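Reader: I have the sequence and the model open side by side. Could you walk me through some of the helix packing and the aromatic rings?

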Amino acid sequence: QETLRDARQAKARRYGELATVLGEPAARDEVAFAGQRAQFKGWREDLRQREADLQNAQTEHGVSLRQGKQEHEQLSAEIESLKRRRSNIDDQQIQIRAALCAALKLDVDEMPFAGELIQVRDDEREWEGAAERLLRGFGLSLLVPDAHYKAVAEWVDNSHLRGRLVYFHVRPRKGAELPELHRDSLVRKLSIKPDSPHYDWLERELAQRFDVACCATQEQFRRETRAITRAGQIKDPTGRHEKDDRHRIDDRSRYVLGWSNSAKIAALETRREQLEGRLQTIAGQIGAIQQERNGLQDRLDALTRLEEFTQFDELDWASVATGIAALEDERRALEQASDVLKQLSERLNERQQALKSTEVELHAARDRRAKV
């Protein structure tokens, strides 16, 4: 019975420890045990569903964190690249040009990007976003002088650029009158770098490609054949309209025009700071989810181990202890009864010895009497 009691007591102690993990008291009777068993089964299902939800959320946050870190690395690289130069051209394009010039042993200043030679005039800054949106592709185009055209074309054809490159073959042109510009032409709001050897070529290309009316009203926009609004909506003579709002029109981090990049660096640094704050928030969310998952795992482990307890009898050591107490009382009574018997036996032995001595004396006395 003591062996049975100890085994049940160990199980009851284990059950109590697992129940404590769940914030529950150990069951004291069969009814409470049955109620807890049903309750624990419901908790297991709920916690497993919560664990699955948390795991999905943690995975999503982890993807966002990795993507954010990659974006942060790209931003940092872009900022460092901009600080080493003055143009606003994207770093990927700069690297392609650097590789080209290194391979052909050319000075990068000999092949500028169009955007490095064009900027919006200071008094027309309200049209800067629209101009950046319309001229972005042209601004990222490399201007290749006629003297280097053959070598550049061969190098580009034989090289894997790991990106996209657009370049113009800049040929000397005979002097000719420029086309007449619209009175509200976007070209009138642009400046070309005065000391550029490509000034004349750019002046003509801009007049031919971007003589677009800058419309302050929708009425004018509907009336013009080639037009653009401050919000970036574009219209061409075919009746085609376009407005690309995948990025904010005032997002300076995407600007490519101009020969000073201080504003773009400031915009990118602000964006990087905002990204760092967002990454810190995501990391905090991942930490909180992991902490909750750890707590859930402890509870799930406890609930899983509690499944091995199927009957209250396995834990009921108290009833066995009560039986042991009764047996101990019985044993003590038997031991006490045994002590009285022992005393009587000793007394009996004493009397028997005394009787033997008396019989010896009696025999001796008879012998003496007979002799007398």
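Author: Gladly, and let us begin with Gln58, whose place is in helix α2 (residues 30–83). Helices here are DSSP runs of H or I with at least four residues, strands are runs of E with at least two, and both are numbered from the N terminus. This is a predicted model, in which local features need pLDDT of at least 70, side-chain atom pairs count only at pLDDT 80 or more, and totals for chains, interfaces and linings use all residues. Residues are numbered from 1 along each chain as its sequence is written, and side-chain values use heavy atoms, with hydrogens and water left out.

Reader: Does Gln58 count as buried or exposed?

Author: Buried means under 20% relative accessible area, exposed over 50%, and partly exposed in between, with a 1.4 Å probe and protein chains only. The relative accessibility of Gln58 is 16%, so Gln58 counts as buried.

Reader: Which residues is Gln58 in contact with, leaving aside its neighbours within four places in sequence?

Author: Contact means heavy atoms within 4.5 Å. With those sequence neighbours set aside, the partners of Gln58 are Ile286, Ile289, Gln290 and Arg293.

Reader: Turning to the rings, what kind of aromatic pair do Phe138 and Trp201 form?

Author: Rings of Phe, Tyr and Trp (its six-membered ring) pair if their centres lie within 6.5 Å; planes under 30 degrees apart count as stacked, over 60 as edge-to-face and the rest as tilted. Phe138 lies in helix α4 (residues 128–139) and Trp201 in helix α6 (residues 199–209), 63 residues apart. Their centres are 6.4 Å apart with 10° between the planes, and the pair is stacked.

Reader: Why is the pair of Phe138 and Phe210 edge-to-face?

Author: Phe138 is buried, at a relative accessible area of 6%, and Phe210 is buried too. The ring centres of Phe138 and Phe210 are 5.5 Å apart and the planes stand at 65°, so this pair is edge-to-face.

Reader: Which residues do ring pairs link into a cluster?

Author: The structure holds five aromatic pairs. Ring pairs join these residues into a cluster: Phe138, Phe168, Trp201 and Phe210.

Reader: Over which ring does the charged end of Arg299 sit?

Author: A charge sits over a ring if NZ of Lys or CZ of Arg is within 6 Å of the ring centre and within 35 degrees of the ring normal. For Arg299, the charged end is 5.6 Å from the centre of the ring it sits over, that of Trp43.
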